[in-house]
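Have a look at the model before reading on.

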2 protein chains.
Amino acid sequence: MIVAGLMSGTSVDGVDISLVEITGKGHRLQTRLLGHKGYPYSPSLRQRILQAAEGGSVGEVCHLHALLGEVFASAIIKTARTCRVPLKKIALIGSHGQTVYHRPRPIKEAGVGMVRSTFQIGDPNIIAERTGVTTVSDFRSRDMAAGGEGAPLAPYGHAIVFNRRKVNRLVLNLGGIANVTVLPGNGEWSHIRAFDTGPCNMLLDGLMNIESQGRRRMDREGRQAAKGSVNEKLLGWLLAHPYLSQRPPKSTGREMFGSSYIHRVLKQGCRQKLSFVDILATSCRFIAQVIGDAQQWIPQPIQEVVAGGGGVRNKRLMAELEDRFAPVSLKTMEACGSHSTAFEAQAFAILAYQRIQGVCANLPSVTGARHPVILGTISPGKIK
Amino acid sequence: MIVAGLMSGTSVDGVDISLVEITGKGHRLQTRLLGHKGYPYSPSLRQRILQAAEGGSVGEVCHLHALLGEVFASAIIKTARTCRVPLKKIALIGSHGQTVYHRPRPIKEAGVGMVRSTFQIGDPNIIAERTGVTTVSDFRSRDMAAGGEGAPLAPYGHAIVFNRRKVNRLVLNLGGIANVTVLPGNGEWSHIRAFDTGPCNMLLDGLMNIESQGRRRMDREGRQAAKGSVNEKLLGWLLAHPYLSQRPPKSTGREMFGSSYIHRVLKQGCRQKLSFVDILATSCRFIAQVIGDAQQWIPQPIQEVVAGGGGVRNKRLMAELEDRFAPVSLKTMEACGSHSTAFEAQAFAILAYQRIQGVCANLPSVTGARHPVILGTISPGKIK
């Protein structure tokens with residue numbers, strides 16, 4: 001079965017699509033990446049999504065829900081054409097959607113109890129209607145309904161793809177937020193742990209964006225960071241954030257490490273009279289240190305680290321991570337037969353496949369849910 | 001198959017649940033109402049929903065989405081207990097959700113085209129998780145993705161339940177908004193027409209609510225309206241609203257006839273120095289006249305009118321409607337073996353059943369969609 005996975009991460013930079021061939025049953029799946037494309041949002045669309053996420057009105061959020069449905073559908077149609085996979089051969093779409101709100105910490109409501117909520121936009125009805133392909137979406141809500149954090153979900157994909165017998169592997173995703181997945185070499189899925197360690201590209205990209213007054217989205221290859229030096233005082237301030245010492249399971253996002261946080265980081269840097277490149281370099285060290293420190297919550301000794309996500313292209317960050325994990329080897333997903341920037345989208349292709357198969361694909365040991373649940377809702381494709 | 005249908009109308013007064021036994025295939029279904037319960041929202045919850053719908057933030061809308069999921073799930077569990085139908089025997093839930101935004105008129109987006117959007121809250125993942133019953137929701141989006149207005153949808157239920165050979169029937173729903181469905185006696189479903197005529201209980205309830213400073217939700221049995229007289233000047237002003245002369249297909253809601261409209265009505269009444277009961281009486285006449293005038297867009301001569309919705313309990317309104325349609329007989333749904341206030345919820349039980357059967361249940365002649373589509377997304381129940 002050919003499945004298209006769509007991912008739009010917390011960086012709000014666009015949508016990534018992976019075309020994946022999936023075969024197998026239960027938790028034993030074989031996956032093969034057929035193609036991968038990324039489509040950046042236009043700056044104005046990105047701005048509208050960010051504004052909606054940071055307090056937009058119901059009307060604008062609802063309109064963007066439909067608009068992103070159209071954007072995602074076009075992107076799938078383009079990907080199929082570019083990768084020379086006829087749309088008709090795509091049996092299923094798994095669309096994560098763009099998170100505009102995620103609140104795993106419950107709010108108490110009298111007479112009802114604890115209420116957690118999350119919302120990803122990009123209307124699956126529009127995707128299914130335009131492509132004719134059955135579309136699975138809204139992957140996080142069911143896990144939260146079962147008491148989980150609704151995140152992270154990619155670890156299930158990590159377990160399917162990067163699981164290696166007798167080797168305790170740490171899979172590291174360097175996205176807007178960095179997250180780690182521990183795959184124990186004993187193959188016990190209930191021993192899998194995963195959590196968001198803290199900010200990653202969201203911080204680095206946000207700093208570049210402010211410094212360049214919106215002209216640059218990222219520090220390409222970490223070139224700016226490479227020019228700077230680490231400042232211990234700023235590093236200490238960064239490491240004092242309360243999220244970092246919180247025990248997993250835990251997840252975070254733009255609410256905690258969005259633009260207001262990034263402005264506070266810059267302000268701290270200015271207080272220390274640091275140059276911009278020093279702030280960037282310190283941020284890279286900070287991210288790597290937080291990721292390395294995550295081992296304190298992992299019972300197994302890590303024997304291999306597999307890194308993916310856009311952050312693998314940041315050479316300064318990767319160098320910091322190598323230092324941090326040495327002598328344990330740090331590989332990219334490419335070195336393991338996968339693809340660093342395609343993987344998150346691939347994971348949602350896998351989750352969509354499991355929705356259709358009726359297989360539970362949350363990991364309660366990871367999300368904190370009370371039990372395994374089937375993730376996602378189904379919008380039907382073309383009537384046969 | 002026993003199906004629970006949930007409806008929360010534009011009046012935002014609570015949730016109605018109908019337990020319906022459904023059998024049959026394709027468009028030939030038999031339905032039997034097993035029970036019906038209504039659960040009013042608490043005044044504070046109602047207030048929060050109204051505020052969210054009239055410009056709430058993404059955070060509050062998202063939180064209410066989850067909170068209403070809990071409220072709906074509890075209501076289903078209570079209904080099953082009260083009606084002595086074990087929850088395990090309920091095979092399916094169809095939940096309309098509470099509309100917080102509905103914009104069928106498209107907004108043009110450069111590079112994308114026309115975008116229409118709608119959003120109903122009440123997380124189906126929570127309903128399915130708490131009840132263990134597979135839940136269908138989000139019925140309107142797919143029709144809108146296919147170019148339709150996403151409304152009205154109940155006419156499909158009308159066609160299933162009230163279709164009568166050789167009699168041109170008008171089914172009239174007196175909800176927050178009034179809508180009519182024409183069921184031609186020739187049985188040609190493509191000749192079915194239906195549209196929202198204009199405001200109904202939303203206006204009457206809104207007037208009572210303002211006048212009583214929030215102490216009264218409605219003019220029970222139309223007793224206040226019965227004390228007043230119709231004022232022709234106010235009636236003329238009311239009838240001049242541009243929506244009323246618009247050709248169908250058309251649909252409307254709180255955006256057009258919500259609190260700001262109701263305040264304008266009161267202001268007009270004050271300008272004519274009318275008593276409150278005169279404003280109410282004039283509003284009843286206005287509603288009836290608009291409904292009667294709807295016949296101008298109906299090619300078939302109407303031979304029977306079947307009325308349902310909360311408005312059938314308003315005696316003044318029903319008397320006005322009888323005058324308007326005479327000599328054509330005006331029956332309530334009860335007189336046709338159904339139930340006036342249970343019907344809308346029953347319609348969503350029917351729509352959920354059709355989602356599972358893979359039967360298209362929009363009526364393109366009614367919504368304006370380009371073609372028939374399967375409505376709703378599916379959240380799975382308990383793992384078997």
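Buried area is the accessible area (1.4 Å probe) that two parts lose on being put together, summed over both. Between chain A and chain B it comes to about 4,000 Å², with carbon and sulfur atoms giving 60%. On the chain A side, A:Val58, A:Glu129 and A:Arg142 lose the most area to chain B, together 17% of what that side buries.

This is a predicted model: local features need pLDDT of at least 70 and side-chain atom pairs pLDDT 80 or more, while totals for chains, interfaces and linings use all residues. Residues are numbered from 1 along each chain as its sequence is written, chains are lettered from A in the order written, and side-chain values use heavy atoms, leaving out hydrogens and water.

**Where the chains meet**
- Chain A puts 51 residues into the contact (heavy atoms within 4.5 Å), and chain B puts in 51 residues too.
- Four salt bridges (a Lys or Arg side-chain nitrogen within 4 Å of an Asp or Glu carboxyl oxygen) link chain A and chain B.
- One of them pairs A:Glu129 with B:Arg142, whose closest N and O atoms are 2.8 Å apart.

**Helix 1 of chain A**
- Helices here are DSSP runs (H or I, at least four residues).
- Buried residues (under 20% relative accessible area, 1.4 Å probe, protein chains only) in helix 1 of chain A include A:Leu45, A:Ile49 and A:Ala53.
- The exposed ones (over 50%) on the face turned away from the buried side are A:Pro43 and A:Gln51.
- After helix 1 of chain A comes A:Gly55, with a positive phi near 115°.

Methods: Helices (H or I, at least four residues) and strands (E, at least two) are DSSP runs, numbered from the N terminus.
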